[in-house]
Amino acid sequence: MRALCLDYELRTLVEREVSPAQPPSSGEVLLRIEEIGVCATDRELARFRFGVPPEGDSYLILGHEALAQVEWVGADVTTLHRGDWVTPLIRRNCAPQCGSCVTGRRDLCETGQYFERGINRAHGYFTECVTDPEADLLPVPESLLDVAVLAEPLSVVEKAIETAFRCHPLTPRTAIITGAGPVGLLAAFALQVRGLAVTVVSKEPEDHPRVALLRRAGVVYMRSQAPPPADIVMEASGAAEATLAALEWIAPHGVFILIGAPELDLPVPALRMILENLTVAGVVNAARQHFEAALYDLGNIPRPWLESLIERRPFDAWRDSLAAPAITPKTVHRVR
Ligand SMILES: [Zn+2]
Ligand SMILES: [Zn+2]
């Protein structure tokens with residue numbers, strides 16, 4: 001079976017034959033992969049910036065944003081049936097399980113010894129078939145099939161939104177997102193459908209298709225001037241300069257959320273944080289509840305906005321996708 005792999009001996013990205021997925025044991029299902037989304041994490045993995053292969057293997061199968069169809073259910077599988085569509089949770093329990101993992105909040109794993117499919121010590125989904133526990137899969141309704149591959153990146157956004165609303169002592173009405181990548185755009189849409197007035201600040205020129213898409217969605221776009229302060233400021237660019245600038249845009253009582261991963265130590269405005277009740281928070285990964293919120297929002301966000309995010313390519317075209325982002329925010333590979 002073909003798979004896109006990081007080869008840790010040759011330090012390169014290769015397509016290779018790997019042994020077929022194991023038949024499902026009790027509580028597991030065999031999945032046929034339909035689509036795989038590619039993101040900045042995959043591009044960083046392809047540069048060997050992080051990522052660890054499973055124990056005993058010299059390679060890691062890439063791919064953590066997946067839409068798949070159930071092909072074969074093992075004994076004791078109760079909620080899934082052959083033909084059902086699913087998207088997988090990415091992070092898996094540490095073992096023995098810590099207090100967070102045991103309650104299903106692996107995104108808050110206390111030992112750091114978790115596994116992440118396609119990233120950390122567990123193979124991903126950029127292949128034909130995989131076996132997965134039923135408990136790690138989320139059923140996808142047929143009505144969402146054309147956009148369900150966005151569930152994983154949106155789940156991280158959902159965790160960021162939940163964190164922002166939890167930390168804000170009043171009701172947030174305005175939001176600024178820095179960065180117009182897939183996560184920035186999904187955050188803008190998800191906040192827009194919640195009724196917030198959203199501004200995206202990024203470096204794309206005014207005639208860029210992503211800017212046109214934001215404007216169509218009623219989102220304000222700013223490139224050169226500073227936006228008025230907002231109740232929620234979400235950093236999704238990963239750029240140090242943008243992150244520093246965005247720190248200045250938090251309104252009193254506001255929440256600053258880091259989703260992008262800029263390589264800098266943030267000089268937090270300590271006195272303002274106290275006098276204006278500011279919160280600065282970071283979020284990583286997502287729990288089942290955030291995947292559920294993502295599927296809910298995928299049904300809620302106008303479909304043309306979501307469809308404009310996606311460019312589909314065949315399996316073979318992975319080299320271009322992993323080398324650099326395309327103009328369309330989310331590159332999705334058809335695997336089947
Ligand atoms: Zn991703
Ligand atoms: Zn844990």
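1. To start with the surface: the chain exposes about 14500 Å², and carbon and sulfur atoms supply 54% of it (Shrake-Rupley method, 1.4 Å probe; for residues, only the protein chains shown count as cover). Keep in mind that this is a predicted model, where local features need pLDDT of at least 70, side-chain atom pairs count only at pLDDT 80 or more, and totals for chains, interfaces and linings use all residues. Side-chain values use heavy atoms, with hydrogens and water left out, residues are numbered from 1 along each chain as its sequence is written, and chains are lettered from A and ligands numbered from 1 in the order in which they are written.

2. Now the overall build. The chain has 10 helices and 19 strands (DSSP runs numbered from the N terminus: helices are H or I with at least four residues, strands E with at least two). Of its 336 residues, 54% count as buried (buried is under 20% relative accessible area, exposed over 50%, partly exposed in between; 1.4 Å probe, protein chains only).

3. The metal site is worth a look. Cys39 (SG), His64 (NE2) and Glu65 (OE) coordinate the zinc ion (ligand 1) at 2.0 to 2.2 Å. Donors here are N, O and S atoms within 2.8 Å of the metal (3.2 Å for Na, K and Ca); water is not among the atoms, so sites may look incomplete. The donor residues are spaced C-x24-H-E in sequence. Cys39 sits in the loop between strand E3 (28-38) and helix H1 (40-46) and Glu65 in strand E5 (residues 65-73), so this pair ties together parts 26 residues apart in sequence. Cys39 and Glu65 are both buried.

4. Next, the charges: the whole structure holds 23 salt bridges (a side-chain nitrogen of Lys or Arg within 4 Å of a carboxyl oxygen of Asp or Glu). One of them joins Arg32 and Glu71, with the closest N and O atoms 3.4 Å apart. That pair links strand E3 to strand E5, 39 residues apart.

5. Glu263 and Arg49 form another salt bridge (2.8 Å, N to O). Glu263 is in the loop between strand E16 (250-258) and H7, and Arg49 in the loop between H1 and strand E4 (59-61), so the pair ties together parts 214 residues apart in sequence. Glu263 counts as exposed at 68% relative accessibility, while Arg49 is partly exposed at 47%.

6. There is a local pair as well: Glu162 and Arg166 meet in a salt bridge (3.5 Å, N to O). Both lie in helix H3 (residues 151-167), 4 residues apart, about one turn of the helix.
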